[in-house]
Amino acid sequence: MRLRITLILLAFLAFLLSACGEVWNDPYPAQERGKNILYSSFAERPKHLDPVQSYTEDEANFTQQVYEPPLQYQYLKRPYELVALTAVEVPKAQVVEGGKFTIYEVRIKPGIRYQPHPAFVPENQSLSGQAIDRLRSPYDLALGTRELLADDYIYQIKRLAHPRLHSPIFGLMAGYIVGMNEYAQELRAADRREGWLDLRQFPLKGVERVDAHTFRVTLNGSYPQFVYWLAMPFFAPVPWEAEKFFSQPGMERKNFTLDWWPVGTGAYMLTENNPNARMVLERNPNFHGEQYPREGEAGDRKQGLLADAGKPIPFIDKVVFSREKESIPYWNKFLQGYYDMSGINSDVFDQAVRVPIEGDAAVSPEMQEKGIQLSTSVGTSTGYLAFNWDDPVVGGSSERARKLRYAISVAFDVEEQISIFSNGRGIAAQGPIAPGIFGYTEGREGINPVVYDWVDGKPQRKPIEVARRLLAEAGYPDGRDARTGRPLVLYLDTVARGPGDKAVFDWTRAQFDKLSIQLEIRATDWNRFQEKIRKGTTQIFRLGWNADYPDPENFLFLLHGPQAKVRSQGENAANYVNPEYDALFEKMKNMENSPERKRIIDRMVDIARHDAPWIWGVHPKDYSLRHAWLANNKPNNMARNNIKYLKIDVAKREALRRQWNRPVLWPLALTIAILLLSAVPAVISYRRRERMAARPAS
Amino acid sequence: MLAYIVRRVLYAIPILVGVNLITFVLFFVVNTPDDMARMQLGAKRVTSEAIEKWKAERGYDKPLLFNAAAPRGAKLTQTVFYEKSVRLFAFDFGAAEDNRDIANEIRMRMWPSLALAVPVLIVGLAVNITFALFMAFFRATYLDFWGVVLCVALMSISALFYIIGGQYVASKLWHLVPISGYAGGFDAAKFLVLPVLIGVLAGIGSGGRWYRTLFLEEMSRDYVRTARAKGLAESVVLFRHVLKNAMIPILTGVVVVIPLLFMGSLLSESFFGIPGLGSYTIDAIQAQDFAVVRSMVFIGSVLYILGLLLTDLSYTLVDPRIRLQ
């Protein structure tokens with residue numbers, strides 16, 4: 001018996017010794033070691049991967065690697081610049097009938113082929129129910145391909161009006177693409193709600209095929225921003241075969257739909273789709289080829305971002321996205337080298353980044369030791385506090401309300417907010433337009449004179465005394481209504497996220513306290529909050545906007561009167577109205593970027609600053625970390641098709657992973673020893689008891 | 001016995017209708033169909049037409065519980081509640097709001113849930129019973145005292161602490177197992193070691209104390225005294241007599257949870273990245289996916305009723321004196 005125990009212990013010891021040098025905590029299969037694979041993660045299950053429906057950044061991480069719209073953004077240049085992707089060139093607007101219509105003619109490069117897919121094999125279009133039941137993946141079937149044609153783009157544009165799909169941009173495009181509304185009605189009437197609806201049978205007036213590789217889109221009036229939409233997956237090609245293939249009875253029950261299995265011409269194809277655990281992209285063997293950009297912005301060469309200029313892309317063979325719902329495991333896996341790049345959660349910001357009083361943020365010594373590098377960029381987005389223009393106290397164009405808004409805008413210390421709650425990750429906004437967008441003005445000319453003075457070469461918030469004076473001028477000296485003597489009570493609506501909000505709420509109240517204004521915070525869930533905004537029952541509320549495309553129109557429309565939320569369900573949540581602003585908007589939106597357009601934008605921004613319908617809040621800064629083995633990573637706020645540019649030094653990653661993850665075995669041995677030792681008193685006690693003679697009766 | 005089973009199954013029907021009604025009311029008190037549509041369609045560029053279209057496609061355009069505009073016979077049937085509930089009783093769960101087939105998801109996700117829950121149950125049971133027997137064996141000694149203290153200490157710690165602490169120590173400091181993740185087949189083992197150990201450890205406190213109480217109660221009975229008087233070793237008394245007779249209350253606790261193992265663990269699955277049904281339920285609640293929430297609550301109720309039925313049946317197996325009528 002003792003011999004057996006000794007042998008078992010020796011075998012266990014041999015196992016532990018044999019494992020030395022191996023990595024035990026590697027979450028990936030052993031066969032993937034040493035392979036040219038990028039490891040990333042996703043927190044939320046994607047809801048849609050159909051390019052006509054997908055509209056979130058998380059989903060774009062998948063769709064934009066697979067689908068190729070005609071255009072894309074140059075990877076390195078800033079401001080963002082549109083370049084051709086599958087198109088031969090960026091199409092020019094042709095104004096016809098005196099400006100009544102605008103035509104965009106898009107020529108596609110010939111010879112581009114789709115990824116291998118079963119939809120391109122005719123036999124797979126009529127599968128039996130049993131054959132479908134047996135499938136574990138669509139890729140179990142024979143695969144085929146075909147050339148990309150202009151018809152595929154036309155098909156996708158028609159899908160925007162598909163009665164069974166929900167395209168978020170249908171409403172917008174129906175206002176521009178000629179005949180789109182009538183087309184949607186025609187499709188609704190023709191749809192039998194089951195099976196495949198062959199859109200090829202229904203021509204759309206505003207979209208024509210010129211030849212096999214050219215199509216033409218006709219818009220009502222002028223809409224220069226249309227070209228930006230041509231860089232989004234909404235305008236990526238979808239082959240009719242794919243829709244037909246996935247519409248076969250039994251496919252949907254197996255979750256085989258176009259909404260889950262994208263089919264494209266991009267650098268990668270989605271080969272494993274388990275949104276609960278893992279999504280895998282693999283290199284598309286039919287990819288038409290693309291070269292790494294030869295030009296970038298100043299500083300890119302120094303950072304090594306042009307080292308691969310002109311080389312064929314993609315560099316990486318496979319991308320594995322693992323579902324990581326919790327931030328702690330995600331961060332630790334990044335530190336262990338199992339994710340190649342990471343965002344920075346507030347909880348770990350101090351561990352990851354050091355922000356000096358003067359100068360740029362840098363990684364902490366701990367990260368530096370691991371060779372981790374930091375990338376920062378100012379997002380093309382804005383977060384703001386809006387005053388409901390329809391509110392009798394804070395809204396409207398009266399002098400009294402305007403000065404009240406001014407006072408609050410001065411008192412509300414956005415810089416402090418960024419410092420406390422965002423770890424300094426953001427810049428205080430001076431107007432609605434984010435940096436990097438045409439129309440944004442830097443320096444002294446760009447500051448909001450209502451709130452800031454230009455002091456020592458930088459904007460400085462006006463002192464609180466100015467705010468108090470403005471409040472008194474508004475009729476609320478010391479925070480009391482001069483007419484009634486009652487304290488001024490204002491209401492802020494916001495979305496409650498959890499107990500962590502308390503600090504934010506307390507700080508927000510403190511900003512209003514500076515003016516002796518009582519602030520009631522009405523925190524609610526997202527749905528109730530949205531409902532209040534829709535109905536206009538808010539007074540002051542927090543909101544934000546993430547730009548769809550790098551054009552000032554995409555920010556300035558947030559204050560366009562005819563797009564007021566209450567009156568027309570638009571995106572102008574503050575319901576702000578100013579006839580001059582609205583007239584200038586109508587003029588500006590259809591102009592190409594030019595000095596004249598800039599002048600109009602400047603005037604619009606001045607009007608908005610004067611009326612102050614928002615407390616111009618924050619343009620957040622994005623911070624991301626990457627390991628030393630990952631090259632060519634540059635933040636891109638306009639597109640997510642960046643994986644094709646990334647490069648990995650696999651040998652370096654393997655070596656560092658081994659170095660960082662050597663198993664520490666002594667605690668294991670110690671635990672076993674403690675358990676064995678702790679059993680000793682029990683064994684002794686047991687033996688003593690078993691040998692004990694019967695107790696004498698007392 | 002068959003009549004008993006049939007009767008219990010029939011009793012289950014009104015219970016399930018009630019559970020379904022309560023789930024429905026609770027869900028729609030918090031969320032309206034418009035909220036659900038907005039959640040699914042996103043926050044940007046959503047029009048009221050798109051919301052109406054979404055609701056109509058999924059049958060949420062009808063009144064929730066009573067349709068005053070419907071013909072007399074259809075006032076209750078042409079409602080969201082009726083249309084969504086009837087199919088459940090045929091175990092036709094339909095599609096989630098993101099159009100993925102719920103039955104297919106459940107089939108896929110129940111295996112990871114079972115892979116975690118079954119070892120936790122079996123190993124946990126073995127450890128808890130062993131530990132409880134150990135304390136009972138050394139009752140009224142310092143070993144028993146410190147054992148109880150340990151149990152109380154283990155019970156006092158939050159499950160979240162076990163998970164985060166376990167991940168930090170075993171995975172981050174000692175690099176022994178992956179922090180999170182999952183793989184199919186035998187590859188699952190390396191991902192399950194830590195959550196199973198944590199699941200077992202977290203259950204020792206309550207399990208050990210509960211079983212210790214059972215054993216001590218059993219050890220005070222006359223037949224135990226008789227066995228000792230016969231001169232049987234204490235180990236024989238414990239394992240052959242006490243353990244066997246303590247099986248009924250143990251079964252009560254164990255059999256009832258067996259069907260529920262399918263439902264998975266909400267916390268462990270989220271933190272360890274195990275794609276099971278617990279994680280599915282949490283996702284659905286967060287995404288306001290009523291179709292999934294309703295289905296999971298319904299399945300949970302069915303499994304709980306099944307567990308209670310199995311418990312009753314198991315009594316007859318372990319105690320021949322019990323007859324079900």
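In chain A, Glu580(A), Tyr581(A), Leu584(A), Phe585(A), Lys587(A) and Met588(A) of helix H19(A) meet Arg597(A), Ile600(A), Ile601(A), Arg603(A), Met604(A), Ile607(A) and Ala608(A) of H20(A). Contact requires C-beta atoms, placed from the backbone, within 7 Å. By class, this contact has nine nonpolar, no polar and four charged residues. Nonpolar covers Ala, Val, Leu, Ile, Met, Phe, Trp, Tyr, Cys and Pro; charged covers Asp, Glu, Lys and Arg; the others, Gly among them, are polar.

The model is predicted: local features need pLDDT of at least 70, side-chain atom pairs count only at pLDDT 80 or more, and totals for chains, interfaces and linings use all residues. Residues are numbered from 1 along each chain as its sequence is written, while chains are lettered from A and ligands numbered from 1 in the order in which they are written.

H19 spans residues 579–589 of chain A and H20 spans residues 595–611. Helices are DSSP runs (H or I, at least four residues), numbered from the N terminus. The two axes come within 10 Å and cross at roughly 155°. Axes are lines fitted to C-alpha atoms over the stretch in contact, with angles from 0 to 180 degrees between N-to-C directions. H19(A) and H20(A) are therefore roughly antiparallel (angle over 145 degrees). The crossing of H19(A) with H20(A) is left-handed (near helix turned anticlockwise from the far one by less than a right angle; clockwise is right-handed).

Axes of H11 (residues 247–255) and H14 of chain B come within 9 Å and cross at roughly 155°. H11(B) is thus roughly antiparallel to H14(B). Here the crossing is right-handed. Met247(B), Ile248(B), Leu251(B), Thr252(B) and Val255(B) of H11(B) meet Gly307(B), Leu310(B), Thr311(B), Ser314(B), Tyr315(B) and Val318(B) of H14(B). This contact has seven nonpolar, four polar and no charged residues.

In H4 (residues 80–89) of chain B, Val80(B), Lys84(B) and Leu88(B) are buried (20 or more other C-beta atoms within 10 Å of the residue's own). They cover an arc of only 45° around the axis, which puts them on the same side of H4(B). The buried residues of H4(B) pack against H1 (2–30) and H14 (290–318) of chain B. Phe91(B), with a positive phi near 60°, follows H4(B).

Between the chains, 47 residues of chain B are in contact with 45 residues of chain A. H7(B) supplies the largest share of the chain B side, five residues. That side has 19 nonpolar, 15 polar and 13 charged residues.

Methods
Helix = DSSP H or I, 4+ residues; strand = E, 2+ residues; numbered from the N terminus. Parallel < 35°, antiparallel > 145°, perpendicular 65-115°, else oblique. Contact = placed C-beta atoms within 7 Å. Buried ≥ 20, exposed ≤ 12 C-beta atoms within 10 Å, placed from the backbone. Arc of directions from axis to C-beta.
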